[in-house]
Amino acid sequence: MCQLYCPESTVLLTEEKKVIFDYRYCKGCGVCANECPVNAISMVKEGTQ
Amino acid sequence: MINETFDKHYEESRIQGGSTCCPGCGGPLFWKIALQVLGPKTIVYGDGPCAMCALRYIKVPHMAIHFSFIADGATGINAALRAKGRNDVTLISSAGDGASADISFGKISAAAERNENMIQICIDNEAYMNTGIQKSGLTPYGAWTTTTPTGKESNKKDIPMILAAHKIPYVATASVAYPQDLKRKLEKAMSIEGFKYIHTIIPCPTGWRFDPAKAVEVTRLGVDTWVSPMYEIEEGVLTMSRKAEAKPVTEYLKAQGRFRNLDEEQIKFIQDEVDAKRSELLSLDGKKIIH
Amino acid sequence: MSDKEFTKMMEGNEAAAWGAKISRAEVVPAYPITPQTELISNIATLIAEGTMKTEYIKVEGEHTAMAAAVGASTAGARVFTASSSQGVAFMDEPLWIPPGNRLPIVMCFVNRTMAPLGGLRPDHNDSLHQRDKGWILLYCENSQEVVDTIVQAYKIAENSDIYLPVGVCYDGYFVSATATPTTVPDQAKVDEWLPPYKHEWYDLMPETHKMPPRGSFLEKRMGVADAQQKAKKVIKDVDADYKKHFGRGYGGLLEEYECDGAEAVLITMDSMTGTARDVIDEMRAEGKKIGLIKLKCFRPFPSEEFQKIAPKYKAIGVVDRNNSFGSAGGGIVNIELSRALYNEKDKPLLVNFHVGLSGTDVTMNQIRYMADETLEAAKTGKVKHVVDWVESHDLGEVM
């Protein structure tokens, strides 16, 4: 779902069923987290971790 | 290592990530989905919508003039392709809602009348978003924009039906919340000769006033409440793409700040309109509606 | 049969259609407007007969016509179109694009006056209005010149140092609908002289896709300005080369007619030149030292040519078949020429005339009047008016 709906193509589901992100281009819109049916993604504000 | 994976992914999917569109914009999402079926032998002509920012990131040949020339440049490209004996290129003519409803409405109508061999796409975010959220002919009734601060008083133009009346071979409405359906419709359009029109609603978190994370969710609600019904009209025959029960329109309206001004009476008006449209469409499902 | 050279009585609009045909225009997006209409219906006929192989797009308006032209030219097709007056105005928005994007489109401006100050007949405001955009503007006196100039126009436009669109301008009715003997050159000879169109900067085909690099706006603007200046030599060279191959030339940027020993000259453009030649001949026979300069190329304005020849004369009568209301002084050609000669040490008096506005006939009487006024200025050293509206004088029986 995340790969399907990410507007910027910056989320990919690898063959090993891992989720990877391209942080160079991700805008932090949060669609991936919102759409994930198993809540596997959390949005963390940049610089707070 | 991850960067290489992504760079390869952008090349193969023919769209570069990280457009200058707002977070959650449906424009790049639309092109990402579309390019999964369009293939490399595609020329895209188009300009105008905010979603134009996304067009800078596609990796197929692309040219634009201004949004007052929608379908015109594509008409010229079409003629050049014929003159060169090329019939193996998919020509997409892209437009936002401002161009389609207003400044290039006549152009699209004329291209339809000439049955130009192209897929005309309307990427509809329901206002002139690129210039700061002004009303267009495709802004829905009651929506806030900077030029309709108390809510738009007139109705949304029904361009798919208007173009269907031109007797073009294929008309479809689609949504980026249902990507498989959109891809199916694009593939069908690619297989038909003549003027095809696909109208796709895309979310605009900035102009519709909601949290970008809900972009796809809100768009999906638009379809599920039947505010944006999905159908095809092929050779004049209507086929509904979804016949599910309708969720109440309030779910859709309350999810967006642009409808905050609506009172109970207006919401009821919208619900009645949507209900009437839904029953009409369902009753005509499978029938020839353009003669 | 239709590919071999032939000569017949031909109106300007038919000549233009043949010009487009022998130039092998690939795409013609056009919308009819009087007095251009027969040009495009002639093209439609040539296509229907199988004589011309061209994609003719019957667009729904001129605004669309020029945009379709831009799309087709960017996609690699040789493009031809045409319009007049209100149609030219309606396509004003896209008319900026071919010069800015360096697209070698050739368009016929079948001159017609602009509403509301006139009807269907010609003056030059519609085509001259393009003078700021970067279009090359060439004016034709008769049907023969129309055919030849269209072929030359493609050679000029598609020169990779130029890449600017060219307007081939000719008067509605007086050229467009007046039949004169016209020779259409042999197709094979034209093919040899004018190779197929291939833009070095643009390719929209998926296999070979390329577009010009981003570049700054300033760079692009200076590029257009530079190309306009370079075009002066290219236009002259192309005309000379055309004359060598086809036997007809037009002097490049301008033609001097009966100027030897003249004290004063008139400058005319387009169809009135034909009438002026006869008047000059008559006046020369009477011993009057009057000559004629036919201005063919308005853009780029041939400043250097004028700087060379103007000092020979005491007065130049500039005939402006146009208005530029509120201008620094008189009509458009007058203002351009004034600037061209401003810094010269020896410069003649400029006597400015408005005539033929709103498409009224430019008569032999009026030309003689303008010639006489200019000769008088040459003699007295005085100019009577900022601009002389010739039509407001009663010059007796029209001849």
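Strand 14 of chain C, helix 14 (residues 364-380) of chain C and strand 15 of chain C form a left-handed β-α-β unit. Handedness is read with the strands pointing away from the viewer: a crossover is right-handed if the path from the first strand over the helix to the second runs clockwise. Helices (H or I, at least four residues) and strands (E, at least two) are DSSP runs, numbered from the N terminus.

This is a predicted model, in which local features need pLDDT of at least 70 and side-chain atom pairs count only at pLDDT 80 or more, while totals for chains, interfaces and linings use all residues. Residues are numbered from 1 along each chain as its sequence is written, and chains are lettered from A and ligands numbered from 1 in the order in which they are written. The model scores ipTM 0.92 and pTM 0.94. Chain C averages a pLDDT (the predictor's confidence in each residue, from 0 to 100) of 96.

Back to the strand itself. A right-handed β-α-β unit is made by strand 13, helix 13 (residues 332-342) and strand 14 of chain C.

Five of the six residues of strand 14 (residues 349-354) of chain C are buried. A residue is buried if 20 or more other C-beta atoms lie within 10 Å of its own, exposed if 12 or fewer, and partly exposed in between, with C-beta atoms placed from the backbone. C:Gln86, in helix 4 (residues 85-90) of chain C, is partly exposed because it has 16 C-beta neighbours inside 10 Å.

The largest nonpolar core holds 218 residues, and C:Ala72 and B:Ile77 are among those that touch the most other members. Such a core is a set of buried Ala, Val, Leu, Ile, Met, Phe, Trp, Tyr and Cys residues joined through C-beta atoms within 7 Å. Leaving aside neighbours within four places in sequence, C:Ala72 has contacts that include B:Ile77, B:Ala80 and C:Val27; contact puts two C-beta atoms, placed from the backbone, within 7 Å.

As for the chains, B and C share the most contacts of the two pairs in contact. Chain A and chain C do not touch, and their nearest C-alpha atoms are 22 Å apart.
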